[in-house]
Amino acid sequence: MLYHDRLNRALRRHARLLKGIAGLVLFFALWQLSVPLIGLSEYFYPSPRRVAQSFVELIEKGILPVYVLDSIGRYASSVAIGTLIGVSLGLMIGLSRAVSRVLGPLINFMYAIVEGAWIPLFVVWWGYGFKVIIVLLIYIMVFPLLYNTIVGVRAIPQIYINAVRTLGASPFQILINVILPAALPNIITGFRVGAGFAFRGLIFAEMLAAKTGIGYLIYEGASAQNTARTIVGMLCMGVLWLAIDRIYLRPFERATVERWGIVVTAARQG
């Protein structure tokens, strides 16, 4: 029975994958067919073949692998630091009314200032480059995690904490065994939202403050009127996000939820 269930799930996954591939093939076929019908120059409407040639050129010159790795490095380090800060602040504010009263107004004020407004100031402080991108992405990542962690912590029934406390648990044990597992669904939601926003912020920041990366590739292609190269950057952006979601975010979500014993069946979906 278990074997048949696994087999059926595997077949459903393969069927979804094949349908996705078929959709992409259809999209590129229609794109190629539309090129002679529209009749615009390569600058306005490059063909998939021209985009593929540009992709091969970037690979052969070693440009694209370096740019992709640079983007991944910036994104991964920012997400890690932003997660640590967001969850830590969320726990402190969620667990302490005093901390909430002190930091709450400041955090609400900072949240109202969109990330783009900080870029000119960051550039003045650090110039164009790595630091500006990292700080900007951390800023984007922190708030979804912070607010979701606060909501998750404050939704925990006090009776659970009191019950463990009467058994002699220390504050650290209560945090590890009660608060974090109970708040985990909200933390994961905040993580996924923040990770998505941070990825979009990465591309935007690289357009403005980097000399490498996928965002810079898109910007550089447009500046050089090389539309095919711009489209290569856009396609890499989409593929990279799909890879992050499939290889990192979804397995992370499943592993985390199953580790803490929460809604196992939901974690196995998708």
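Figure 1. Residues 24 or more positions apart account for 67% of the contacts in the protein chain with a separation of 6 or more. This is a predicted model, and its chain has eleven helices and zero strands. Read along the sequence, that gives the pattern α-α-α-α-α-α-α-α-α-α-α. The C-alpha trace spans about 75 × 65 × 30 Å along its principal axes. Of the 270 residues in the chain, 37% are buried.

Figure 2. Mean pLDDT for the protein chain comes out at 86, with 93% of its residues at 70 or more. Which elements mark the highest and the lowest mean pLDDT? Helix H3 (residues 63-95) has the highest, at 94, while helix H11 (residues 264-267) has the lowest, at 42. Over residues 263-270 the pLDDT is below 50, and this stretch has eleven contacts in the model beyond near neighbours in sequence. Where pLDDT is low, the predicted coordinates should not be read in detail.

**Figure 3. Helix H2 and its buried face.** H2 covers residues 48-60, and its 13 residues should span 18 Å at 1.5 Å a residue; the end C-alpha atoms are 18 Å apart, which agrees. Its buried residues are Pro48, Arg50, Val51, Ser54 and Leu58. Looking down the axis of H2, these buried residues fall within an arc of 160 degrees, so they line one face of the helix. An α-helix has 3.6 residues a turn, so residues three or four places apart point the same way. Over on the other side of H2, Arg49 and Glu60 are exposed. Just after H2 comes Gly62, with a positive phi of about 75 degrees.

**Figure 4. Helix H4, with a bend at Leu103.** H4 (residues 97-112) has 16 residues and reaches 22 Å from its first C-alpha to its last, close to the 22 Å expected at 1.5 Å a residue. There is still a bend of about 45 degrees at Leu103, and a proline, Pro105, follows within four residues. The buried residues of H4 are Ser100, Gly104 and Ile107.

**Figure 5. Helix H8, short of its straight length.** H8 runs over residues 171-209 and has 39 residues, but its end C-alpha atoms are only 44 Å apart. A straight helix would reach 57 Å at 1.5 Å a residue. Zoom in on Leu184 and you'll find that H8 bends there by about 55 degrees, with a proline, Pro185, following within four residues.

**Figure 6. The largest nonpolar core and Tyr75.** This core has 60 residues, and the ones that touch the most other members are Tyr75, Ile133, Met141, Leu146, Ile179 and Val232. The elements giving two or more residues to the core are helix H1 (2-38), H2, H3, helix H5 (115-126), helix H6 (130-154), H8, helix H9 (214-223) and H10. Which helix gives the most? That's H6, with 15 residues. As for Tyr75, its contacts beyond four places in sequence are Leu137, Ala195, Ala198, Phe199, Leu202, Trp241 and Ile244. In soluble globular proteins, nonpolar side chains tend to be buried together.

Figure 7. Gln225 lies in the loop between H9 and H10. Its phi is near 55 degrees, a positive value in a residue other than glycine. Gln225 is exposed because its relative accessible area is 54%, and the cut-off for exposed is over 50%. Leaving out residues up to four places away in sequence, Thr227 touches Glu42, Tyr43, Pro46 and Gly221.

**Figure 8. Arg165 in helix H7.** Arg165 is found in H7 (residues 158-166). With a relative accessible area of 46%, Arg165 is partly exposed, because that value sits between the 20% and 50% cut-offs. Setting aside residues up to four places away in sequence, Arg165 touches Gln158 and Ile174.

Conventions: Residues are numbered from 1 along each chain as its sequence is written. This is a predicted model: local features need pLDDT of at least 70, side-chain atom pairs count only at pLDDT 80 or more; totals for chains, interfaces and linings use all residues. Side-chain values use heavy atoms; hydrogens and water are left out. The expected span of a helix is 1.5 Å times one less than its number of residues. Buried means under 20% relative accessible area, exposed over 50%, partly exposed in between (1.4 Å probe, protein chains only). The arc is that of the directions from the helix axis to the C-beta atoms. pLDDT is the predictor's confidence in each residue, from 0 to 100. Contact means heavy atoms within 4.5 Å. The bend at a residue is the angle between axes fitted to the seven residues ending there and the seven starting there. A nonpolar core is a set of buried Ala, Val, Leu, Ile, Met, Phe, Trp, Tyr and Cys residues joined through side-chain atoms within 4.5 Å.
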